Structures are given as C-alpha cells and as structure tokens.
Amino acid sequence: MNSISAYAPGRAELLGNHTDYNEGFVLALAVDRGTTITGQVRNDRMIRLHSRELDKTESISFDHLLAEKVADWSRYTLGVVDQFRRNELPLGGFDAEISGNLPLGAGLSSSASLENATVLFLLKAFGGKLEPLQIAKFSQMAEHDFVGVRCGLLDQIASLMSKAAHTTFIDCRTFQVDHLPLSDKVSVIIANSGVKHALVEGEYNQRREDCEAAARELGVKALRDVSLEQLQSYKSRMSDRIYHRALHIVGENERVQLGATALRQGDLAQFGELMFASHESSQANFENSCPELDQLVAAARRTSGVFGARLSGGGFGGATINLVEQGREDEVVRALQAALPQVKCLVTTAADGALASAVAPSVR
Ligand code: GLA
C-alpha cells in the first residue's frame with residue numbers, strides 16, 4: 001500500500017504575547033525542525049498510531065474517539081481526526097508513525113506542528129480539501145477539545161504559513177499574513193528552561209478569561225479595540241488584576257506594530273528593546289513568567305551580541321527566544337548556561353512553513 005507522509009515545523013513567537021486570542025497582532029516564525037507523520041490507509045475504521053520518540057502505541061476506532069479514552073501524547077493527532085469526523089470530511093482508518101526532531105515541551109509548539117502535520121496527512125490520505133486558515137482552525141479546535149487549552153491561532157498559522165528568512169506578521173482579526181524579511185545577520189536561539197509548572201493549561205485558560213472579562217468591562221469586542229489612553233481612563237473602575245492583564249495585551253499590540261516598523265527599517269537594536277519590554281510586561285502585568293525565564297532574559301540582556309530576549313509562547317515555564325548577532329551564538333549560549341545550568345539551547349533560523357515546504361528540511 002502507498003505510504004503517505006506529511007510534515008509541519010514548530011514555531012517561535014518573536015513578539016506579541018497572548019495577543020492572538022485578543023484579535024491582536026503577532027510576529028512569529030517557523031523553525032527548521034518539526035514533526036512528520038507517515039503511514040498507510042486501512043480498510044477498516046481503526047487508527048493505529050505509534051510515536052517513535054516515546055515508543056508508545058495507541059489503537060482506537062474513529063467511531064469511539066473521546067479525549068478521556070486516549071493517552072495524552074495521542075490527543076493532538078486524534079483530536080484532529082475527531083475534527084475531520086465532526087466536519088464530515090473524507091476519513092477512514094489508518095496506521096501511522098509520528099516522528100520528528102522538535103524537542104517536546106520546549107516552547108516550539110511541538111503540539112501545533114503535530115496537529116498541522118496530522119491535518120495535512122489526513123487530507124492527502126483521504127482526499128479532503130481545506131483552505132490554509134481552515135487547516136489552522138482544525139488544529140486549534142483539536143487542542144481546545146482534546147487537550148483542553150483554549151489557544152489562539154498563532155502557533156498553527158506560523159507553522160503553516162511562514163516563509164524562510166522572514167518573520168510572519170499575523171493580524172489575528174482578519175488573519176492576513178505578511179512576511180517581513182529577517183536580516184541574515186541574526187540567529188535565533190531558543191533557550192528551554194526545562195521548567196514546566198503544573199496547571200499550565202489552567203493558568204493559560206485563566207489568562208484568556210481575564211482578557212475576555214477586561215474586554216467586556218471596557219465594552220469592546222476584543223482587547224484589540226482598546227488604546228492605552230482608553231484603558232488608563234478606565235483604570236479606577238477595573239480590578240487591579242484585570243487592568244494589568246489588559247495593559248499587557250494593549251502594550252504588546254503596540255510593540256508588535258512598532259516591531260514590524262523596526263524590522264522594515266532593519267533596526268534590530270530597536271526591535272530587541274521591544275522584546276525586552278515585552279518580557280518586562282509579562283513579569284509585571286501578565287504574571288506569566290517565572291524566575292528561571294527571568295534569569296535567562298536578564299543574562300541575555302547583560303551579554304553583548306544579543307539584540308533582545310523574552311519569553312516565547314504561553315509562559316509559566318518553557319522557553320525564551322533570543323535574537324542574536326550571527327557568529328556570536330556560542331558566547332550567548334555559554335552566558336545563558338552560566339545563568340541557568342539546566343538550560344537547553346537550540347540555535348535555529350526562520351524556515352518555511354508546512355504549506356511552503358513539502359519535505360522536512362535537513363537539520364544543521
Ligand atoms: C501558546 C498558545 C498561542 C498563544 C501563545 C501566547 O503558544 O498556543 O495561541 O496564545 O501561547 O502568545
């Protein structure tokens with residue numbers, strides 16, 4: 001039988017933290033690593049999945065798919081299968097192996113890369129058709145329904161629609177995507193703190209609820225619609241917590257727009273300052289950082305050759321992203337290791353998203 005294969009990369013969030021589900025702006029990129037799913041169609045309704053990294057197998061009929069019935073690692077794939085079933089896309093049983101070179105839980109959204117790869121695999125295997133944004137939404141809904149995280153679309157869109165040597169600017173209201181060239185004088189270092197706080201999903205969903213509450217109190221559809229002046233004029237009528245959550249989002253939206261201008265002008269120093277400011281806002285306003293991430297960003301700030309650094313992704317542990325002058329990666333990695341010995345650093349680059357590249361890139 002024919003073997004079918006699909007690949008999608010991980011992503012890094014360069015600027016714009018928790019702005020996606022607030023219908024705001026984000027700058028991201030796809031990394032040069034990802035997840036591949038390879039397999040064959042079966043004649044019955046069984047799904048047999050194997051994870052090469054975890055060496056685990058899951059078998060289930062797609063008529064009986066329920067998140068509670070399957071192991072955590074398989075929920076990303078089976079959540080996507082469930083979306084195909086609910087939306088009545090062509091579907092059947094299959095055997096597949098998941099493999100990849102993206103460290104799991106390292107802040108590079110191995111989850112979105114697996115979800116997107118699964119959507120692309122199922123479309124190839126059973127002949128369905130989806131527009132790029134629908135692919136991203138299927139992946140997102142898999143995460144909402146099967147994993148329990150009410151994420152936005154940043155990870156899925158960046159993993160699908162990014163372009164090599166560019167950053168991906170996403171307007172998370174219109175979902176227009178623009179590609180801004182990233183200077184070839186920079187490298188991206190992802191520094192994984194190794195910290196994963198318990199209840200990350202709960203904290204994430206709580207932040208989203210806080211932002212939605214702020215938008216309701218301010219009488220707007222989403223925090224995208226609020227200016228800093230409007231927010232400040234409402235301050236006395238809002239609880240301190242809700243005000244600071246909203247302040248983070250409003251500030252991030254502004255920083256992303258300033259950042260896009262800085263990138264267009266090739267002003268990496270200015271872009272880096274915006275990254276540091278983003279991290280400070282995470283610490284002070286959104287409270288989604290942690291001591292280890294703060295240590296990594298503080299060390300980056302002290303190290304020459306670093307333009308900027310900040311936490312990347314949901315927060316509460318995970319990774320920082322560092323924008324670094326090319327040729328100085330080793331020095332920077334050493335400085336980060338001195339600050340946090342358990343840190344695992346990965347030097348990466350802006351790569352093509354899944355819709356631009358049919359095959360997994362070879363890793364440096
Ligand atoms: C996670 C989510 C994204 C986004 C980021 C924070 O990566 O999956 O949707 O909200 O956190 O910006």
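His144 sits in helix H3, which runs over residues 132-147. Keep in mind that this is a predicted model. The protein splits into domain 1 (4-175) and domain 2 (182-348), and both of these domains give at least three residues to the shell around a ligand. Here's a quick tour, starting with that histidine and then moving on to the domains and the ligand.

**Around His144**
- The side chain of His144 gets to within 2.7 Å of a backbone atom, the oxygen of Cys151.
- Setting aside neighbours within four places in sequence, His144 touches Val149, Arg150, Cys151 and Arg208.

**How the two domains meet**
- On the contact count, 38 residues of domain 1 meet 44 residues of domain 2.
- Interface size is often quoted as the accessible area that is lost when the parts come together.
- Here, domain 1 and domain 2 bury about 3400 Å² between them, and carbon and sulfur atoms account for 58% of that area.

**The ligand and its shell**
- Which residues come closest to the ligand? Out of the 14 that surround it, they are Glu13, His18, Asp20, Asp155 and Tyr204.
- Sorted by class, the shell holds six polar, four charged and four nonpolar residues.
- Strand E1 (4-15) and helix H4 (154-161) each put at least two residues into the shell.
- Domain 1 and domain 2 each contribute at least three residues to the shell.

- Asp155 has a side-chain N or O atom 2.5 Å from an oxygen atom of the ligand.
- For Glu13, the distance from a side-chain N or O atom to a ligand oxygen is 2.6 Å.
- Asp20 also has a polar side-chain atom 2.6 Å from an oxygen atom of the ligand.
- How much of the ligand does the protein bury? On its own the ligand exposes 310 Å², and the protein covers 95% of that.

Note on methods. Residues numbered from 1 in each chain as written. Predicted model: local features only at pLDDT ≥ 70, side-chain atom pairs only at ≥ 80, totals over all residues. Heavy atoms only, no water. Near = heavy atom within 4 Å. Polar contact = N/O pair within 3.5 Å; in protein donor to acceptor, adjacent residues only side chain to side chain. Areas by Shrake-Rupley, 256 points an atom, 1.4 Å probe, with all protein chains shown as cover. Helix = DSSP H or I, 4+ residues; strand = E, 2+ residues; numbered from the N terminus. Nonpolar A, V, L, I, M, F, W, Y, C, P; charged D, E, K, R; others polar. Domains from an automatic or database assignment. Contact = heavy atoms within 4.5 Å. Buried area = accessible area lost by both parts, 1.4 Å probe.
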